Amino acid sequence: MTFVFKGDNFENRIRIEGTLQAVSPTHIGMGETREEERKGKDGKKEKTDVAMIALDANEYPYLPGSALKGVVRNYILQLLRGLYPRIAWEHDYQSSEFRDMKQNDQIEFMKSEASMLEQVFGTPFAEGKVEFWDAPAANKVTTPEPQLWKTKGWNDARQCYLVNSVAIDPTTGASEKHKLYSFEVTPAGLEYQVNIVGQNLSDEELGLLFFGLEGFNSKIVPLTIGAMSARGFGRMTLKPEKKIYRVTKEQLPMWIESVLLPSESAGFAALQEISNPEAVALIQSCKEKFVDIIKRIGS
């Protein structure tokens, strides 16, 4: 299989649209805190810092595309690098070998030595072939017990509530006195609209991507996102219904013409959606071709 860069001559462009549904609370922070006044155990009011969730411009929860791309990449790497390093491996980019590497050598490395994971998701010196867009929340969770949720600091407008925890002494493993902290979480049931875009992807590379996305539905090694996954946070399911939009080299003139004509759609919105049977067949075919590569490498 000959590797093609994203910026090489155009072969194809694809957009995959799906829905992630949270099955447990999720905390993806934004590196900011807010101060809140709460009653302590002695009944006195005390101020505490609350770690905030990531919010979009409309003050609504979202999953950052960089976080989605990172967890999918790491999931593939952790599962496959021990058995199939040609498929999933991450080189030491801090070594002098890569720090001093000339551009022509970088290009040759990507073509002949980089793993498929590095080729698809990118390296510090070479852009990957897939983009994960920010995934905005697409629904609103209604609290079944408003009074109970009110005690948890439920914020209906921002779709989040508070979880309290304690700092753990790393030496004794016991909780540290007077070191409580709070953080916002979004609830189970909240759904996010996911968009993944790829350019010049081979069917085998698409198969690698679909393999990674299946991690969200794994019962054995589930893919999680955000903080405190050890406590069961950040669990998601990827709904089976997916929309796939695609344009190939042969369809490119028609797509350019549709973009230039007066229309409400342009750019990615003008990509042609393929039918559901075609989408199902494409996903299955790409998965099978990816499995074939694994079999060849492992044999």
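**Charged residues and a helix in a predicted model**

Asp105 has its place in helix H3, which covers residues 103-112. In this model, which is predicted rather than determined by experiment, Asp105 is partly exposed, with a relative accessible area of 45%. Together with Asp92, Glu97, Glu108 and Glu113, Asp105 forms a negative surface patch.

Other charged residues are paired through their side chains, and a search of the whole structure finds 13 salt bridges. One of these joins Lys6 to Glu131, with a distance of 2.8 Å from N to O. This pair links distant parts of the chain, since Lys6 belongs to the segment before strand E1 (12-22) whereas Glu131 belongs to strand E5 (residues 130-132), and the two residues are 125 residues apart. The two partners can be described separately in terms of accessibility: Lys6 counts as buried because its relative accessibility is 12%, which falls under the 20% limit for a buried residue, while Glu131 is partly exposed at a relative accessible area of 24%. Both residues also take part in a network of salt bridges in which Lys6, Arg13, Glu127 and Glu131 are linked.

A further salt bridge is formed between Glu205 and Lys129, whose closest N and O atoms are 2.8 Å apart.

In the salt bridge between Glu184 and Arg158, the closest N and O atoms are 2.9 Å apart. Here too distant parts of the chain are linked, with Glu184 in strand E8 (residues 175-185) and Arg158 in the loop between helix H5 (146-151) and strand E7 (161-168), 26 residues apart. Both Glu184 and Arg158 are buried.

Helix H1, which covers residues 65-80, has 16 residues and reaches 23 Å from its first C-alpha to its last, a span close to the 22 Å expected at 1.5 Å a residue. The buried residues of H1 are Gly65, Leu68, Val71, Val72, Arg73, Tyr75, Ile76, Leu77 and Leu80. As background for reading such a list, an α-helix has 3.6 residues a turn, so residues three or four places apart point the same way.

Methods. Residues are numbered from 1 along each chain as its sequence is written. This is a predicted model: local features need pLDDT of at least 70, side-chain atom pairs count only at pLDDT 80 or more; totals for chains, interfaces and linings use all residues. Side-chain values use heavy atoms; hydrogens and water are left out. Helices (H or I, at least four residues) and strands (E, at least two) are DSSP runs, numbered from the N terminus. The expected span of a helix is 1.5 Å times one less than its number of residues. Buried means under 20% relative accessible area, exposed over 50%, partly exposed in between (1.4 Å probe, protein chains only). Patches are made of residues with over 30% relative accessible area and no salt bridge: like charges are joined within 9 Å, nonpolar side chains (Val, Leu, Ile, Met, Phe, Trp, Tyr) within 5 Å. Accessible areas come from the Shrake-Rupley method with a 1.4 Å probe; for residues, only the protein chains shown count as cover. A salt bridge is a side-chain nitrogen of Lys or Arg within 4 Å of a carboxyl oxygen of Asp or Glu. Lys and Arg count as positive and Asp and Glu as negative; His and the chain ends are not counted. The place of a charge is taken as NZ of Lys, CZ of Arg, CG of Asp or CD of Glu.
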